[in-house]
Amino acid sequence: MSDVHAISSDIAFSPTVKAIQSRKGSRDGYAEMEARGGFRTEIDENLGAFLADANSFYLATASADGQPYIQHRGGPAGFIKFVDKNTIAFADYAGNRQYITQGNLAENPKAYIFVMDYAHRRRVKLWGEARVVEDDPALTRSLMPHGYRARPEQVILFKIAAWDTNCPQHIPQKFDAADVAAALATRDARIAELEAELAALKGQPAPLV
C-alpha cells in the first residue's frame, strides 16, 4: 500500500476525524477498539462467507484531484473471487464506456467497497487499493461467472487495507425478486398440498391448480 498506518483504522480515522470524535464524545470507545488493533485487515471466515453470498456492491474511487465517484458492480452470488487473504478480484463487465473508475485508478489507486445485505440488514466496508488488469485473458475467463450473460472487458484486483462492519440501524429490509419468487412458489406448493389433503379427507376431488 502507498500509505502506512500505525493502526489499521487510521485509514478512516484521520486526525481531524479523531478530533471530531473527541468533541462529540465517541473517541474513548474508538480508542479502545484501536488498542485491540483497530479494523480487521485480512479476509476471515465471516467476511469470506459474506462476500461469497454478495450479488452487488458499490466501488468508490477518486481522481488525482480528489473528485469522488461511485459505481455499482453486480453479478451472480460468487462473482467476487478470493486471490489471497488480503485480495479480492472480479471480472469487470463492459458497460457505458465512460471508464471513470479506470481513469481514477490509473492516477489514484485508493479505493473503497461498500457491500449491503438488505435481507439480513448487514453492511461491510472495505478500504484498500485497486488496479485494473486488461491484458490477461486467462485471468479474466477464470473470474467470469459460469453461464452469466455479460461481456468481461477486464479484471479489477482489490487489495484490502482494512475492513469493518456497521450496525443494522436504519437499514431497510429488502429481498431479491428471485428469493421472493422462490418463497412464494414454496408457499403455493404447500397450499396445494394441504388443499389436496383436505379434499381427500372430505372425499372430494382435489382442486385443480
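Predicted model: local features only at pLDDT ≥ 70, side-chain atom pairs only at ≥ 80, totals over all residues.
In soluble globular proteins, nonpolar side chains tend to be buried together. In this model, the largest nonpolar core comprises 30 residues, and Leu126 and Phe158 have the most contacts inside it. At least two residues of this core are supplied by each of the following elements: helix 3 (45-53), strand 1 (56-62), strand 4 (87-93), strand 5 (110-117), strand 6 (122-133) and strand 7 (152-165). Strand 7 provides the largest share, six residues.

The surroundings of Leu126 can be described in detail. When neighbours within four places in sequence are left aside, Leu126 is in contact with Leu47, Leu51, Ala111, Tyr112, Ile113, Val115, Phe158, Ile160, Ala162 and Trp163.

Attention may now turn to the aromatic rings. A pair of aromatic rings is described by the distance of the centres and the angle of the planes. Across the whole structure, seven aromatic pairs are found. In one of them, the ring centres of Phe57 and Phe90 lie 5.2 Å apart and the planes meet at 75 degrees, so this pair is edge-to-face. Phe57 belongs to strand 1 and Phe90 to strand 4, and the pair thus links distant parts of the chain, 33 residues apart. Phe57 has a relative accessible area of 1% and is therefore buried, the limit being under 20%. Phe90 is likewise buried, with a relative accessibility of 1%.

Another edge-to-face pair is formed by Tyr112 and Trp127, with 5.4 Å from centre to centre and 70 degrees between the planes. Here too distant parts of the chain are linked, since Tyr112 is in strand 5 and Trp127 in strand 6, 15 residues apart. Tyr112 has a relative accessibility of 22% and so counts as partly exposed, whereas Trp127, at 13%, counts as buried. Both residues also belong to a cluster in which ring pairs link Phe13, Tyr30, Phe39, Tyr112 and Trp127.

Definitions and conventions. Residues numbered from 1 in each chain as written. Heavy atoms only, no water. Core = buried A, V, L, I, M, F, W, Y, C linked by side-chain atoms within 4.5 Å. Buried < 20%, exposed > 50% of the residue type's maximum accessible area, 1.4 Å probe, protein only. Helix = DSSP H or I, 4+ residues; strand = E, 2+ residues; numbered from the N terminus. Contact = heavy atoms within 4.5 Å. Phe/Tyr/Trp six-rings, centres within 6.5 Å; stacked < 30°, edge-to-face > 60°.
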